[in-house]
Amino acid sequence: DASINPGNSGGPLFNLQGEVIGINTAINPRAQGIGFSVPIDKVSNILDDLKKKGRVERGWIGVSLQDITGPDLIQLGLNSKQAVRMSGVYPGTPAANAGIAVGDIILRIDGLAIGDANSLVKHIGSKRPGEVVKMRILRNGKAQTLRVTLAKRPDESSLRRTNPR
């Protein structure tokens with residue numbers, strides 16, 4: 001039961017032992033006070049960044065993504081329900097430096113199957129700048145593995161000034 005009232009969003013959610021188990025985030029006012037919180041295990045890995053730098057630094061590779069579904073999967077010879085295609089690569093970014101190209105299809109990252117763009121963004125965002133990820137891609141019908149060293153995600157205004165290729 002996440003009791004959330006106006007003004008306490010972002011505050012701690014405690015269990016009966018007084019331990020912080022989540023961060024209160026939102027309430028659905030039309031659902032008789034149902035509240036939501038982010039589990040503490042999803043927050044604890046960013047606490048050091050917040051304490052030391054006052055902000056969270058997430059990994060970034062510098063691409064635009066497109067989910068692939070249905071007939072396109074069959075045409076590519078993929079037997080998954082969904083896949084992800086690189087629809088754009090920002091110049092001078094970790095993806096560009098690693099040799100990722102527009103049209104590459106992501107099969108796996110760090111050994112994990114990636115079924116949609118959201119999963120890929122979450123995985124990369126859970127890593128720190130400077131970490132290396134292994135991306136298994138499909139290019140022109142041939143699979144290959146690329147190593148990508150993550151960078152710090154730029155702010156939104158910087159991203160808007162640069163167009164992916």
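**Notebook: a look around the model**

I started at Thr 93, which is buried, with a relative accessible area of 5%. For my own reference, buried means under 20% relative accessible area, exposed over 50%, and partly exposed in between (1.4 Å probe, protein chains only). This is a predicted model, where local features need pLDDT of at least 70 and side-chain atom pairs count only at pLDDT 80 or more, while totals for chains, interfaces and linings use all residues. Residues are numbered from 1 along each chain as its sequence is written, and side-chain values use heavy atoms, with hydrogens and water left out.

**Confidence.** I checked pLDDT (the predictor's confidence in each residue, from 0 to 100). The protein chain averages 84, and 90% of the residues score at least 70. Helix α6 (residues 156–161) has the lowest confidence, at a mean of 70, and α4 the highest, at 96. Helices (H or I, at least four residues) and strands (E, at least two) are DSSP runs, numbered from the N terminus.

**Back to Thr 93.** I found Thr 93 in the loop between β6 (83–89) and α4 (94–98). What does Thr 93 touch, not counting residues up to four places away in sequence? I got Trp 60, Ile 61 and Gly 62, with contact meaning heavy atoms within 4.5 Å. A polar atom of the Thr 93 side chain lies 3.5 Å from the backbone oxygen of Gly 62.

**Asn 24.** I then looked at strand β2 (residues 20–28), where Asn 24 lies. Asn 24 is buried too, at 3% relative accessibility. Its side chain has a polar atom 3.4 Å from the backbone oxygen of Pro 12.

**Helix α5.** In α5 I noted Ala 117, Leu 120, His 123, Ile 124 and Gly 125 as buried. Their cover includes β5 (63–68), β6 and β9.

Asp 110 has a positive phi near 50° although it isn't glycine. Asp 110 sits in the loop between β7 and β8 and is partly exposed at 31%. Asn 140 also has phi near 50°. I placed Asn 140 in the loop between β9 and β10, exposed at 76%.

Technical notes:
A polar contact is a pair of N or O atoms within 3.5 Å; within protein, one must be able to donate a hydrogen and the other to accept it, and residues adjacent in sequence count only if both atoms are side-chain atoms.
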